[in-house]
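Dear colleague,

I am handing over the structure below, and I would be grateful if you kept it open while reading the notes on charges that follow.

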Amino acid sequence: FIKNGHNARFYENINEEEKYNWRATQIRRILKNEQYLGKMIKGQYYNVSFKVKLCKKNPNPYVFDDVFPPIINKEQFDAANRLREAYRSNFAPDSENMYQKMVKCECCGKTLTFGVKANQKKENGRYRYYCRNSECQDHAYISKHMLDEIIKQEINSLIDYILERKDEFLEFASKYTYDKTVRLETNKKNNEELLLQRKKELQKYIQGTFKAKLEGDIDEEMYLNITSGYKEELKQIEIKLANFDRDIKFVDYSNCAIDFVNTLENIQDQEILDVNVIASICNSIHIQSVKENRRAVKFIVRIVYGALDEVIRGFLNE
C-alpha cells in the first residue's frame, strides 16, 4: 500500500521510521469514532441518486448502543474530543491557553477568544478571554489569571466535598438514575398514547373524507386538498413512533459517577491544574461579567461538568 496506494507519493522521500507514523487525520478519525464506545453506526452515507455515483454524509445515521464491549468510557471519550477540538489562538501563545475551547460567553454562547490585552504592564492581566461577537449584549471578558484562581478554587472545593462524601454521592447518582428513568418511561408512555390517539383521529378523518368523495359530496380535487395535510401529519407521527427508543436516551449516572470519583482521586494531590486535568472534569466554562459604567465589577463563572452536571449540582445543593 505504501508503494502502490493512492497516498504512495507521500512516502517516496521519507525514511523508514516515518513511513509508519500515524497521520493527524487518522488520529482525529479514531478519536471521533463512537464505535469505540460499543455503538454500532449504520447508514452513515447515502447515495444522492441511482443515476449519480455520489455519496453524502447522513446527518442522522442509525445508532445502536451497547452492541460491542466498549474499550473506553464516555467521560474519557468526551475529554479526548474536547482536547481534539482545542482552540488555537493567533493572538497569544497556545501554551498559555489552558482552557482551550471550553470557555464560552454566558450571554451568546460563543467561544471566547484568547488573546493579549494591549498596553497591559501587569503580568497577571496580560492574557484574557473576551467575546468578539458583535451581536452579543454582554461582551463577557475575564483575565486568565482571575479565571485560573476561580477554577482552582471551584475544582479543589468539588474534589474535597465529593471525596469526603463519596458513598453518599454514588448513592445519590444511583437514585437519580432510577428517578430519571422512571420519569422518561412515564413521559414516553404518555407521549406515545397521545400520538396513537391522534393517529386514530387522522385515520378516521381520512376515511370520512374518502366516503364523502364516494358519495359525491366533494370532488377529487377537494378530497386531495383536505387529505394531503392529514396524510403528512400521519407520516410524521409514524416517524416519531418508530424513533421513540432512539430519541430517548437513558443515561446510567451510576457508572458515570464511579468513573468521576476515580478521576477525582487520581488528581486530588496535584497542585497544578493543567489542560488534561480540566478536560477530564469540565465540559465547558461559561463566563458572565456584571458591569457598572461599562466596567466589570463582578465575574460569574459557571462550570458544566459533562454528563454528570445535573447530578453534581443536585448533590451540591442537597
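In these notes a residue is buried under 20% relative accessible area, exposed over 50%, and partly exposed in between, with a 1.4 Å probe and protein chains only. On that scale Glu-318, at 67% relative accessibility, counts as exposed. Please note that this is a predicted model, in which local features need pLDDT of at least 70 and side-chain atom pairs count only at pLDDT 80 or more, while totals for chains, interfaces and linings use all residues. Residues are numbered from 1 along each chain as its sequence is written, and side-chain values use heavy atoms, with hydrogens and water left out.

Glu-318 lies in the segment after helix H9 (309–316), helices being DSSP runs of H or I with at least four residues, numbered from the N terminus. Within H9, the residues Asp-309, Val-311, Ile-312 and Phe-315 are buried. Seen down the axis of H9, these buried residues fall within an arc of 165°, so they line one face of the helix; the arc is that of the directions from the helix axis to the C-beta atoms.

A search of the whole structure finds 13 salt bridges, each being a side-chain nitrogen of Lys or Arg within 4 Å of a carboxyl oxygen of Asp or Glu. One of them joins Asp-148 and Lys-144 (2.9 Å, N to O), which are four residues apart in helix H3 (residues 144–164) and therefore separated by about one helical turn. Asp-148 counts as buried at 10% relative accessibility, and Lys-144 counts as buried at 12%.

Methods. Helix = DSSP H or I, 4+ residues; strand = E, 2+ residues; numbered from the N terminus.
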